[in-house]
Amino acid sequence: MRIMILGGDGYLGWPTAMAFRCAGHDVLAIDNYFRRRIARETKSDALIPTPLLAERAAVFHQMTGQSIATVEGDCCDFEFLSRQFAEFAPEAVVHYAEQPSAPYSMMGFAEARNTLTNNLNATLNLIWAVLEHARDCHIIKLGTMGEYGTPNIDIEEGWIDIAHKGRREKFLYPRQGGSLYHTTKVMDTDLLWFYVRIYGLAVTDLMQGPVYGLSTEEADLHPALVPNFHYDDIFGTVVNRFLVQAVAGIPLTVYGKGGQTRGYLNLRDTLQCIALAAAHPAKKGELRILNQFTETFSINDLATRVQRVATGMGLRVDVQELDNPRKELEQHYYNPAHHGLIDLGLEPHFMTDEVVAAMIERVQAHRERIVVDRIMPRVRWK
Ligand SMILES: NC(=O)c1ccc[n+]([C@@H]2O[C@H](COP(=O)([O-])OP(=O)(O)OC[C@H]3O[C@@H](n4cnc5c(N)ncnc54)[C@H](O)[C@@H]3O)[C@@H](O)[C@H]2O)c1
């Protein structure tokens, strides 16, 4: 297939580009380095330096003999994106090109506007580029489990049947994002659903939980091929943060009571899920929603696990309960369905102690680059 990756320089985009290329597909990776720029602006640089996209593609070529086409450009520029679709004529496009940080979206007006305009314009432009140049192209869009929030009922896979006064109808499952970032993902889903039902697009919207890990078959070939790894309060996800805190000897920062429960998955499983979605496309006129995670943990579960494994490796790890900078339930019911990807063939890699230990070792190799004043939360939901 001809597969376009929007956000190809990102944590997920780069490993996806390599995996598709090694599976024999033609790949075009597009990125405008938006994340690198806002990470610099917020003093949130990644732990491990990563070369720019074209340089990484050159290293990938040296290691595998395979080529990934790369283009620097902004998905919010419709003329640019439209030209890429006209020239490359993708059969599938994976849309990762969004501002992915909840705390960044809550910093202030400028960051809120950046998040809203970037995420919604990129999605609208993608839809129109498909409509104008690649009508049969399967759109694989990254949503987030955070779109559902933490309702006190079971979370279904995207849709819910509602019986009301003796009649029934199927609707998008109710969604309530806990940050402006999550709210833009909810709006993306609504936008996609509108264009699916009116224009007959084929869309898979993947409600993904937080991803962890640095290791994939291709990323392990050379240090320059590693994905970006953030551990600060703005771009670092909780697993990365706990690993770095354990290595740096900083107590693990549990926000509030630590009962916040989410569905997590290994980076290797993200790659499997995207490959499965591409190999089994949504039908025309279908918005297929799949919940993309493999196991659920509370923050306290994660802290205990990292503490146990790190202690076994000779590190001294304490856990500290911080005043929660976010507005969220700290103890709640959480039972999301997630059978769609398993039915397609997903074989999960779970977060075993060995997996945690391997990630700690990777962080230890870059220990001298940890900047400790990037650990405590700088952004409050108020
Ligand atoms: N990483 C996770 O745990 C996770 C979990 C759930 C959902 N997601 C979603 O997956 C997607 C990718 O996440 P990630 O962790 O790889 O984030 P990332 O920031 O590392 O990657 C996103 C990439 O998109 C690029 N980008 C953003 N706006 C762009 C634009 N207008 N034009 C061109 N490029 C642009 C950025 O520069 C960046 O390289 C996001 O949509 C995110 O919301 C990620």
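## The largest cavity

The lining of the largest cavity comprises six nonpolar residues, no polar ones and three charged ones; here Ala, Val, Leu, Ile, Met, Phe, Trp, Tyr, Cys and Pro count as nonpolar, Asp, Glu, Lys and Arg as charged, and the others, Gly among them, as polar. The model is a predicted one, in which local features need pLDDT of at least 70 and side-chain atom pairs count only at pLDDT 80 or more, while totals for chains, interfaces and linings use all residues. Residues are numbered from 1 along each chain as its sequence is written, and side-chain values use heavy atoms, with hydrogens and water left out.

The lining consists of P103, D233, Y255, P325, R326, P377, R378, V379 and W381. The volume of this cavity is about 50 Å³, and one cavity of 30 Å³ or more is found in the whole structure. A cavity is a set of points, on a 1 Å grid over the protein atoms alone, where a 1.4 Å probe fits but cannot get out; lining residues have an atom within 4 Å of a point. Its volume is the space filled by probe spheres set on the points, which are joined across faces, edges and corners.

P325 lies in the loop between strand 14 (319–322) and helix 11 (340–344); helices (H or I, at least four residues) and strands (E, at least two) are DSSP runs, numbered from the N terminus. P325 is buried, at a relative accessible area of 5%, where buried means under 20%, exposed over 50% and partly exposed in between (1.4 Å probe, protein chains only).

Apart from neighbours within four places in sequence, P325 is in contact (heavy atoms within 4.5 Å) with Y255, P377, V379, R380 and W381. Between P325 and R380 there are 55 residues in sequence, yet their C-alpha atoms are 4.5 Å apart in space.

## Helix 7

Helix 7 (residues 180–199) has 20 residues and reaches 28 Å from its first C-alpha to its last, close to the expected 28 Å, which is 1.5 Å times one less than its number of residues. Its buried residues include Y181, H182, L192 and V196. The buried residues of helix 7 pack against several elements, among them helix 6 (109–133), strand 5 (138–144) and strand 12 (286–292).

## Cysteines

No disulfides, defined as pairs of cysteine sulfur atoms within 2.5 Å, are found in the whole structure. The sulfur of C76 is 7.0 Å from its closest cysteine sulfur, in C75, too far for a bond; C76 is partly exposed, at 27% relative accessible area. For C273 the closest cysteine sulfur, in C22, is 19 Å away, also too far for a bond, and C273 is buried, at 0%.

Note on methods. On a 1 Å grid over the protein atoms alone, a cavity is a set of points where a 1.4 Å probe fits but cannot get out, and a pocket is an open set with protein on both sides within 12 Å along at least five of seven lines; lining residues have an atom within 4 Å of a point.
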